[in-house]
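Trainee: I am new to this structure and would like to go through it with you. Could we look at it together?
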Amino acid sequence: MSYDLYEKARKLGTKAYKTSMSEGKYPFLPVLDDIIKKDDIASEVSLGIVDIPLSRIVGTSTAARTQSFASNFMPIMERNTEFASKWSMLSDAHMTEGIRDAIKVYEYMNYYYVVEGNKRVSVLKFFDADSIPAFVTRKVPRLTDDEEVQIYYEFMDFNKKTGINFIWFTQLGSFKRLMDQVNASEKHGGESEDIPQSSSVGSASDSADGSGTLIRTEVGKIWSDDTILELKAAYKRFEKGFKQKGGDKLTKITTGDAFLTFIELKGFDTVCEMSIEEFESGITSMWQEFLMMNEKFEVEVSLDPPEERRKVLPSILSPGYSANKPLKVAFLYDTDSADSDWIYAHELGRNYVKEVFGEKLVTLKITNVSTEEEVISAIEDLVENHGVEVIFTTNAQAISASLKCAIKYPDVKILNCSINTLHRYIRTYDARLYEAKFLAGMIAGALTETDKIAYFATFPIYGITANINAFALGAKMVNPRVKVFVHWTSVKGLEKRSDHYESIYEEGIDIVSDQDMITPRKASRKYGMYRLTANGPESMTMTVYNWGAMYEKIINIIMQGGWNSADADSESKPINYWWGMSAGVVDIIMSDKIPSDTRRLINTIKELIIEDRFSPFSGEIKDQAGMIISEEGSDLEVEDIITMNYLVENVVGEIPEIEDLSDDAKAIVEIKGVQKDTDSTIN
């Protein structure tokens with residue numbers, strides 16, 4: 001018998017035992033009976049015989065055998081025991097014909113606890129086997145607000161639809177993200193309509209409602225066996241490369257978390273074709289991203305440009321750009337500047353920095369690159385054929401393409417115009433327009449004669465909701481009776497502003513906050529904020545982006561050698577430049593139609609904002625449901641402002657659901673939308 005192998009296994013067990021003891025941890029196998037109480041369980045469901053991953057088998061059902069094994073399932077009993085003899089016999093059997101008998105387990109929270117078959121599990125774990133057949137009984141926990149329980153409910157639905165049990169995530173919504181990635185692939189997408197019900201793994205599923213009532217539904221797998229096999233094979237290759245790099249030492253994320261991020265970057269079809277060597281190379285290039293995920297870093301929001309004094313030393317070491325060696329900077333636009341007020345504003349910014357930096361700077365612009373493939377192709381050409389060192393992608397839809405290229409070209413500085421993006425390899429930038437919108441709201445509230453103001457908004461994404469709420473709070477500050485009627489121009493069938501004007505007149509509105517800028521090709525008097533009169537729109541104010549100031553300051557950081565040192569506490573943190581009035585990147589322009597007293601009030605509040613002595617989101621703030629968002633005497637934190645997914649109490653209208661949006665709007669809202677899926681299961 002294989003006593004020598006038993007002795008090797010026992011040494012592994014003894015080592016794990018001593019390590020656990022030294023760290024003050026329980027040194028034996030966890031016992032399910034000690035982990036859960038009867039009241040914790042909503043139901044028990046038999047799943048039949050299931051092939052379960054050995055990596056998810058973590059303990060025993062009862063305490064009877066727990067002290068025969070260390071916490072890693074390796075034996076710790078002496079060699080001259082009956083236990084050692086039986087373990088060795090199983091080892092011999094595995095090497096000659098394989099262990100085929102199914103064990104019995106309880107599954108709880110996607111971990112397995114052995115009822116019968118502890119030694120079989122131990123032997124297979126020693127031989128580094130992948131899985132084992134098991135009679136599985138699932139213990140379903142009661143649904144609570146606990147995030148881990150909610151993730152488990154998502155897993156049950158995922159497991160019901162796919163039969164997959166080898167992957168686990170630490171973030172809500174990840175199982176749905178994986179399903180979306182697979183379903184969107186060219187080779188494997190859209191299979192769910194054609195696949196017949198499976199009678200094997202996962203043919204019976206379960207969940208529980210809030211009262212603990214068992215719900216069982218017979219379902220079939222939504223993916224073919226080939227798709228599942230390809231997914232598992234790709235996952236195993238990734239897992240091998242991830243562990244070789246040190247992924248098993250990243251304790252706050254799972255291999256599944258990293259694998260999903262990898263798929264979202266590369267695409268499911270590409271990942272399925274990758275060799276282990278390609279996985280290893282890709283994991284190495286993305287390693288900083290995984291480290292950032294493990295540290296759970298939030299975005300490092302830079303609210304003001306780095307101080308000049310912090311750039312003295314870097315400037316000595318900077319490359320020294322000149323006419324002979326200019327910095328090459330490119331701007332990518334999804335459309336032409338003549339057709340888009342957004343792109344037109346950025347183009348003004350590009351022309352501004354050309355004048356500021358003169359011969360030390362060369363700028364290029366690429367227009368009409370809207371799809372991910374077009375953006376990637378354009379960036380590749382700019383880097384490989386034109387030697388571009390800095391690239392600004394000016395719309396949030398380009399974030400995925402920007403990230404892929406940033407990983408491919410680590411020496412190129414790629415920035416995307418958006419906020420709240422958790423990626424280490426790119427930086428994002430945007431302007432705090434809500435500061436100017438607050439001032440515009442004050443003017444509107446002071447001058448409205450009907451107490452009704454219209455506000456045109458584009459997409460329900462991060463930043464836009466802050467602008468709406470700041471405007472409404474500014475109006476309310478000077479006029480407690482005022483109501484702000486929000487009109488979304490991205491709602492299906494209402495994409496044109498003209499589609500909304502009739503209802504504006506019907507609502508008795510006299511002041512309108514419209515698009516911030518017009519383009520040369522689309523001249524109109526309906527821009528900025530204006531009063532509706534019998535003679536047409538009467539201009540009152542404009543809130544403006546000064547992208548030139550933003551680009552000038554970012555380029556200065558790069559030219560002075562401060563890119564890696566001037567912004568974040570840690571180089572692993574993702575950075576978002578979110579500058580406002582204090583940096584000169586947003587402003588408000590008032591017409592001479594504004595009364596002098598009102599102008600003086602606005603200028604006073606503006607100076608207080610610039611000096612950081614006043615915040616538009618200070619004091620008591622309530623949402624439309626009357627819930628208090630901020631208490632009197634407090635200010636909202638930066639993260640709370642960025643991620644607003646509500647409207648304040650004096651706003652009339654609601655944030656549209658994604659299915660109500662136009663197709664073009666859906667694409668950007670899926671990336672940066674404020675709407676959250678509150679359903680705990682995958683639909």
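Mentor: Let us begin with a term: Ala, Val, Leu, Ile, Met, Phe, Trp, Tyr, Cys and Pro count as nonpolar, Asp, Glu, Lys and Arg as charged, and the others, Gly among them, as polar. Please also note that this is a predicted model.

Trainee: How do the residues of the lining of the second largest pocket divide, then?
Mentor: The lining has 20 nonpolar, 11 polar and 13 charged residues.

Trainee: And what volume does that second largest pocket have?
Mentor: Its volume is about 1,700 Å³. Among its 44 lining residues, Ser55, Arg56, Lys125, Lys243 and Asp248 are the closest to the centre.

Trainee: Which elements give two or more residues to the lining?
Mentor: They are helix 1 (3-22), strand 2 (57-60), helix 4, helix 7 (225-245) and helix 8 (255-266). Helix 7 contributes the most, with six residues.

Trainee: Changing topic, where does Asn110 lie?
Mentor: Asn110 is in the loop that joins strand 3 (103-108) and strand 4 (111-116). Although Asn110 is not a glycine, it has a positive phi of about 65°.

Trainee: Is Asn110 buried or exposed?
Mentor: Buried means under 20% relative accessible area. Asn110 has a relative accessible area of 0%, so it is buried.

Trainee: What about the phi of Asp128?
Mentor: Asp128 is not a glycine either, yet its phi is positive, at about 60°. Asp128 sits in the loop between helix 4 (118-126) and strand 5 (131-141).

Trainee: Buried or exposed, for Asp128?
Mentor: Asp128 is exposed, because its relative accessible area is 69% and the cut-off for exposed is over 50%.

Notes. Residues numbered from 1 in each chain as written. Predicted model: local features only at pLDDT ≥ 70, side-chain atom pairs only at ≥ 80, totals over all residues. Heavy atoms only, no water. Helix = DSSP H or I, 4+ residues; strand = E, 2+ residues; numbered from the N terminus. Buried < 20%, exposed > 50% of the residue type's maximum accessible area, 1.4 Å probe, protein only. 1 Å grid on protein atoms, 1.4 Å probe; cavity = no way out; pocket = protein on both sides within 12 Å on 5 of 7 lines; lining within 4 Å. Points joined across faces, edges and corners; volume = space filled by probe spheres on them.
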